[in-house]
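The paragraphs below take each place in turn.

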Amino acid sequence: MENPEIARVFHEIADLLEIKGGDIFRIRSYRNAGLVVEGLAESLRSLYEKNGEEGLKHIPGIGESTRAKVIEMLTTGECAYHDELLREIPAGMLEMIRVASLGPKKAASLHKELGISSIDELERAAREEKIRELPGFGEVTEKKILKGIEDLKSVSRKFKLSVALHYGEVFRDYMKTVPGIYEIVPSGSLRRWKEEVGDLDILTTCKDPKAVMERFLSHPEIRDVLAKGETKSTVVLKNGLQVDLRVLEKKSFGAALQYFTGSKSHNVAIRDRAKRMGLKVSEYGVFESETDKWVAGRKEEDVYRAVGLPWIPPEIREMKGEIEAALEGRLPKPLMAEEIRGDLHVHTRESDGGFTLDAMAEAAIDMGYEYIAVTDHSKAVGIAHGLDEARILAQMEYVDDFNKHLKKKGKRFRVLKGSEVDIRADGTLDHPEKVLKALDCVVASVHSGFGMGKKEMTARIVKAIRTGLVNIIAHPTGRLIGERSPYEVDMDAVMIEAKEHNVALELNAYPDRLDLNDIHLRLAKDKGVKIAISTDAHSINHMKNIVYGIHTARRGWIEKGDVINTLPLKGLMKFLKG
Ligand code: DGT
Ligand code: CA
Ligand code: CA
Ligand code: ZN
């Protein structure tokens, strides 16, 4: 098993325990383990293969009992405890709680009262208007359930970027042991960092194609081999992800990389351009049309150069003006990881995070950051144990002490006093004005009433912006990729207000969110709205998700100057105070 499956098992255990009404701390520890495994850069399987149990010992958030389960899953492919829970609770209920607005408690009561244990049964009961009769449900909830089911069904069969990325790494690790292998590079939509990926296209160059193919086809996660050839094979993994592997000549590697990175429409435009120049571009290289003479192909740069263009970053090869921009010398300069100086949206154990403020700060220092804003939820988010006035005031005092302590030790790092304050349904903020004024960084977001109309939602967010108390609007559309559609909101209007009131919009880098998305980012850039790229970390590992933010920013043509957390502390404070 690989990290995504292991994480899923932990999340399911937490879900099942929640449906069952289990111990809250236990639920939290499994939930946390799931989050930690999701955020892990390295494959647990390879850690375990390298160093056995020892290799798994120093992962924060993975205790003794969860570690034992990790090892069980790695060695047997199963988890007995998970199976045991599934014998008690119908598997269909796990799917049921993925319906937005239907938490484990409600699902459990539907099961108890009406015997519902699957989405289909749920839909039928809702259509037959049986659900509204139950205490604690009502007509509105019933309608929301139907809408939630519709959303779930419309979800595409694509894979989340994070899952595809993980398998890209898995295969890279797995293949690199083949003697005489030179390059193993995932191409396709994965290399473009698209938020959802259809299949994985891995390219290799090597001395011995046969050995490479053999190794590839022996991967334990493979369910079916769809095609098996000397230079190309296609397989389907147990989770349904299709993987293509191609072995290429060194001489044509650049051309193949260009070709298979896509997008299709970008490639078509490149080929048309080549044709007009008397050239032919294919996955084998660039050739003169008349003589078939090979012109270029070793490196991707060479291919672009041959058609009179500078190299174009993969993230923007979507036929959205990149070729014109390349010709006119106005390609965006790709945002770099080193340019990010801090994270402006992280949670601690005070609300629904898994780690202390000290641990989060420690991890940020390790990442080379200059600052983080600690932004725990406000009280309206009850399930997240949001902070009321007394608790946030206490946290602010703690932060002051913490910073003093850092200063004494000569560390150049600062924790900003922050909050992820709820924007209530009426557009008011969930902390008193005097608290918000005393904070360094106020991140405001919508966590409820997703179903309200576009006009209302826009007015709600605009009202929050106009208070002058907000610095950043977090995850501005509320979507969860593949799970929940964005709420309806007039983003144009929000952006105009944001610019006017010196409010930044967040690019939430959590891989399930990526919100704002590439299209909205481009719009923000055009309007001159500032962006904060933040991870919304609930564990120390989540802070590494910043890479998703960086590449998504690139997809939206966002550059260093558009991003407030590329500013040094002084400049950032000026923005936040301004
Ligand atoms: P996906 O897998 O649906 O997320 O998207 P891609 O972009 O990875 O598409 P895929 O896997 O079908 O093909 C990989 C790349 O190969 C694609 O981005 C461009 C190139 N390609 C595939 N088929 C064609 C084609 O018929 N014409 C051209 N010009 N390029 C193609
Ligand atoms: Ca693909
Ligand atoms: Ca493909
Ligand atoms: Zn948050």
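Lys207 sits in the loop that runs between strand E4 (199–206) and helix H12 (209–217). In this predicted model, its relative accessible area is 64%, so Lys207 is classed as exposed. Together with Lys250, Lys251 and Arg298, Lys207 forms a positive surface patch.

Another loop, between strand E6 (232–237) and strand E7 (242–248), holds Asn239. Because its relative accessibility is 26%, Asn239 counts as partly exposed. Beyond its neighbours within four places in sequence, Asn239 is in contact with Glu5, Phe159, Val163 and Tyr167. Tyr167 is 72 residues from Asn239 along the chain, and the C-alpha atoms of the two are separated by 11 Å.

Ala164 and Leu241 are 77 residues apart along the chain, yet their C-alpha atoms are separated by 7.9 Å.

A further buried residue is Thr477, with a relative accessible area of 6%. Thr477 belongs to the loop between strand E15 (472–473) and helix H21 (491–500). Apart from neighbours within four places in sequence, Thr477 touches Pro486, Tyr487, Met491, Asp515, Leu516 and His520.

Burial can also be followed along a whole helix. Helix H23 (residues 546–555) is largely enclosed by the rest of the structure, because nine of its ten residues are buried. Among them are Ile546, Tyr548, Gly549 and Ile550, as well as the charged residues Arg554 and Arg555. The cover over the buried residues of H23 includes H10, strand E16 (504–508), helix H22 (518–527) and strand E17 (531–534). Just after H23, Trp557 adopts a positive phi of about 65°.

The model contains 41 salt bridges. In one of these, the side chains of Glu88 and Lys20 meet at 3.1 Å, N to O. This pair links distant parts of the chain, with Glu88 in helix H5 (residues 80–88) and Lys20 in helix H1 (residues 3–20), 68 residues apart. Glu88 is partly exposed, at 43% relative accessibility, and Lys20 is partly exposed as well, at 45%.

An α-helix has 3.6 residues a turn, so residues three or four places apart point the same way. Arg45 counts as buried, at 15% relative accessibility, whereas Glu49 counts as exposed, at 58%.

A salt bridge also joins the side chains of Arg192 and Glu318, at 2.9 Å from N to O. Here too the pair links distant parts of the chain, 126 residues apart. Arg192 lies in the loop between helix H11 (188–191) and strand E3 (196–197), and Glu318 in the loop between helix H15 (300–306) and helix H16 (322–327). Both Arg192 and Glu318 are buried. Elsewhere, salt bridges that share partners join Glu129, Arg132, Glu139, Glu142 and Lys143 into one network.

Terms used. Residues numbered from 1 in each chain as written. Chains lettered and ligands numbered in written order. Predicted model: local features only at pLDDT ≥ 70, side-chain atom pairs only at ≥ 80, totals over all residues. Heavy atoms only, no water. Patch = residues over 30% accessible without salt bridge, like charges linked within 9 Å, V, L, I, M, F, W, Y side chains within 5 Å. Areas by Shrake-Rupley, 256 points an atom, 1.4 Å probe, with all protein chains shown as cover. Salt bridge = Lys/Arg side-chain N within 4 Å of Asp/Glu carboxyl O. Charge placed at Lys NZ, Arg CZ, Asp CG, Glu CD. Helix = DSSP H or I, 4+ residues; strand = E, 2+ residues; numbered from the N terminus. Buried < 20%, exposed > 50% of the residue type's maximum accessible area, 1.4 Å probe, protein only. Contact = heavy atoms within 4.5 Å.
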